[in-house]
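Please take the sequence and the model together, and follow the paragraphs below with both in view.

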Amino acid sequence: MREPSVRRYSGRSVEEWKAARRERLLAAALELFGTDGYPATSVERLCTQAKVSTRHFYHEFQNKEAVLLAVHAQVIELAVRSTGDALRRTADRPVRERIAAAVDSYLRTIMSDLRRARISFVEVVGASPAVEEQRIAFRNLLIRNVRDVGDTAVERGEIKRKDFRFVALAFFGAVNTVVHDWMLTDPRPPEQHIQNSLRDLAVEMLTT
């Protein structure tokens, strides 16, 4: 039995058009949420920026909150992938090197694009119960990574056991405050200076 043919428009299938439309909306969300802010951005502005009709917008997303969840999820995916890669690359290295590599990768991913930083540290905070749930879930994932690194270092006899969850909460609280302040400071301090300071803080908190 022959497979049904796929209807194509200008060389693309319907699914390809839908995927491209969704990507344009997410790119528009990154730009507008990350510059003007989530509350200041309407669905209509998103559609204008993405060159998508409002009718097609609602084919892809239930509402504006759903777009924020999706674009924040993209940032999370980048951060998780970069930190995970750093931890795998340094699996056999001393704990101080592992912490430094993971923190550098995480901060570089978030801070290299101010729009990502604003979405991560400003726009998602308290935006809605669903967005807050996603933000906390990501934070808990990062905390588990810290605990795993700490537990491994204890087993290797590199450091003494401590409350790694508390250390992680304290560190990520510092990251939120410092990066938020960095974004608002004019003139803004060099990105690398902030990253180095936070990396050194993480190493000291976990190893001393």
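Helix α5 supplies the largest share of the lining of the largest cavity, namely 5 residues, where helices are DSSP runs of H or I with at least four residues, strands are runs of E with at least two, and both are numbered from the N terminus. This is a predicted model, in which local features need pLDDT of at least 70 and side-chain atom pairs count only at pLDDT 80 or more, whereas totals for chains, interfaces and linings use all residues. Residues are numbered from 1 along each chain as its sequence is written, and side-chain values use heavy atoms, with hydrogens and water left out.

A cavity is found on a 1 Å grid over the protein atoms alone, as a set of points where a 1.4 Å probe fits but cannot get out, while a pocket is an open set with protein on both sides within 12 Å along at least five of seven lines; residues with an atom within 4 Å of a point count as lining. Grid points are joined across faces, edges and corners, and a volume is the space filled by probe spheres set on the points. By this rule there is 1 cavity of 30 Å³ or more. The largest cavity has a volume of about 220 Å³, and among its 17 lining residues A102, V103, L142, V146 and F172 lie nearest its centre. Two or more lining residues come from each of α4 (64-89), α5, α7, α8 and α9.

The largest pocket holds about 220 Å³ of space. Of the 13 residues that line this pocket, Y106, S120, F121, R135 and N176 are the closest to its centre, and the elements giving two or more residues are α6 (114-123), α7 and α8. Helix α7 gives the most to the pocket lining, with 4 residues.

Aromatic rings come next. Rings of Phe, Tyr and Trp (its six-membered ring) pair if their centres lie within 6.5 Å, and their planes count as stacked under 30 degrees apart, edge-to-face over 60 and tilted for the rest; by this rule the count comes to 6 aromatic pairs. One of them is the tilted pair of Y106 and F138, at 6.5 Å centre to centre with 50° between the planes, which links distant parts of the chain, since Y106 in helix α5 and F138 in helix α7 are 32 residues apart. Both residues are buried, that is, under 20% relative accessible area, with exposed meaning over 50% and partly exposed in between (1.4 Å probe, protein chains only). Y106 and F138 also belong to one aromatic cluster with F171 and F172.

Helix α9 (residues 191-207) has 17 residues and reaches 25 Å from its first C-alpha to its last, close to the 24 Å expected, where the expected span is 1.5 Å times one less than the number of residues. Its buried residues include I194, L198, V203 and L206, and what covers the buried residues of α9 includes α5 (95-111), α7 (129-155) and α8 (164-184).

Leaving aside neighbours within four places in sequence, T41 is in contact (heavy atoms within 4.5 Å) with L32, F33, D36, L46 and K64. L32 and F33 are among the buried residues of α1.
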